[in-house]
Amino acid sequence: MKQRYGVIGVTGFVGRYVARALASRGYDVVGFSRSGVGRVPEVCEWRRSGAWDFSSLDGLINLSGERVDQRWTEKNKRKFEASRIGVTQEIVATLQSMSDHDRPKVWVNASAVGFYGDRADEICTEGSPPGTGYLAQLCLDWEAATKGIEETGVRCVMVRIGMVLGRGGMAWDRLRLAFAWGGGAQLGSGRQWMPWIHVDDLTAGIIWSIEQNSISGVVNGVATEPVTNRDFTRQLARALRRPAPWIAPGWVLRGIFGEFGSFLTSSQRVAPKRWIDAGFVFRYPTLDLALAELLQKP
Ligand SMILES: NC(=O)c1ccc[n+]([C@@H]2O[C@H](COP(=O)([O-])OP(=O)(O)OC[C@H]3O[C@@H](n4cnc5c(N)ncnc54)[C@H](OP(=O)(O)O)[C@@H]3O)[C@@H](O)[C@H]2O)c1
């Protein structure tokens with residue numbers, strides 16, 4: 001019988017890629033959504049997010065989360081938290097309520113490199129301590145919300161995801177458009193490290209983590225070659241053959257985006273140590289390779 005994987009947040013950018021990759025590997029995809037039922041062709045069965053039903057699933061992938069690239073008002077912060085910490089707590093409670101026989105065997109939960117805060121040139125691996133600030137605390141609480149899962153026997157993998165580059169993703173689509181029109185800009189000093197990952201590598205890494213019985217706990221979902229914002233700006237401008245002479249000062253970013261603007265100039269030099277040590281092979285380890293693929297005609 002085909003293995004069945006439940007994907008929470010399947011209607012989102014990463015969720016759609018994961019659904020496609022799971023289906024192409026011969027797995028059945030059960031999609032969870034609050035309201036997007038029917039929107040992802042690879043999903044063979046839809047279930048409602050919130051009314052959690054994890055029966056007849058071999059594994060679970062949770063990619064839910066309210067977008068953080070909007071103003072961090074108190075109201076929005078409650079949404080960021082409920083859609084990450086709250087949903088994760090509900091998943092744990094549901095898995096705990098199931099019998100050993102019915103319970104999915106593996107669960108991949110999203111997290112983010114925001115966990116590391118602002119770390120200048122320090123190389124952060126999975127063992128590095130958390131940083132400070134709202135996003136670091138959010139990620140810390142998000143991961144801590146998986147507490148209690150070990151006792152159920154479910155293998156839990158948390159992926160600290162960096163900026164995901166892929167067609168249809170907000171970051172790539174906006175960057176590509178801005179740079180193509182000559183509006184590409186370095187953010188602040190440009191010295192901050194930007195952990196990124198090609199969406200195909202993230203998707204492959206998630207499915208690989210499901211298939212490798214030996215992996216559990218935190219993994220960094222980033223490419224092997226992080227770049228500074230200055231190098232990212234130069235490489236993208238060069239790949240598009242457009243100038244990117246602008247600099248967006250930190251105070252302007254904070255004025256436009258509020259607290260999220262400060263995050264744009266924070267530095268995380270993150271290494272995917274655990275995936276590499278365990279033998280995962282990246283298709284797009286360098287930004288040059290990723291940009292070459294992303295700028296091909298789809
Ligand atoms: N994309 C990135 O660069 C990036 C970087 C770091 C971490 N991540 C994390 O990776 C995960 C997937 O990212 P993505 O870019 O695919 O996100 P996305 O496109 O914004 O999709 C996330 C999904 O979460 C669900 N969702 C949104 N707001 C929600 C809310 N208030 N309550 C409950 N569910 C909500 C939605 O599903 P329904 O509406 O169908 O329920 C949505 O399709 C997220 O947890 C994100 O924080 C992403």
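## Exercises on a predicted model

Ser214 is exposed (12 or fewer other C-beta atoms, placed from the backbone, within 10 Å of its own), because 8 other C-beta atoms lie within 10 Å. Before we go on, note that residues are numbered from 1 along each chain as its sequence is written. This is a predicted model, in which local features need pLDDT of at least 70, side-chain atom pairs count only at pLDDT 80 or more, and totals for chains, interfaces and linings use all residues.

**Exercise 1.** Place Ser214 in the fold.

*Step 1.* Look between helix H5 (199-211) and strand E12 (217-221): Ser214 lies in that loop. Helices (H or I, at least four residues) and strands (E, at least two) are DSSP runs, numbered from the N terminus.

*Step 2.* Now go from Ser214 to Ala278, 64 residues apart in sequence; C-alpha to C-alpha they are 8.6 Å apart in space.

**Exercise 2.** Describe how H6 packs with H10.

*Step 1.* Two packed helices are described by the angle between their axes and the distance between the axes. Axes are lines fitted to C-alpha atoms, for helices over the stretch in contact, with angles from 0 to 180 degrees between N-to-C directions.

*Step 2.* For H6 (residues 229-240) and H10 (residues 287-294), the angle is about 35° and the axes are 10 Å apart.

*Step 3.* List the contact residues (C-beta atoms, placed from the backbone, within 7 Å). H6 brings Phe232, Gln235, Leu236 and Ala239, while H10 brings Leu287, Asp288 and Leu291.

*Step 4.* Sort them by class: five are nonpolar, one is polar and one is charged. Here Ala, Val, Leu, Ile, Met, Phe, Trp, Tyr, Cys and Pro count as nonpolar, Asp, Glu, Lys and Arg as charged, and the others, Gly among them, as polar.

How values were computed: Contact = placed C-beta atoms within 7 Å. Buried ≥ 20, exposed ≤ 12 C-beta atoms within 10 Å, placed from the backbone.
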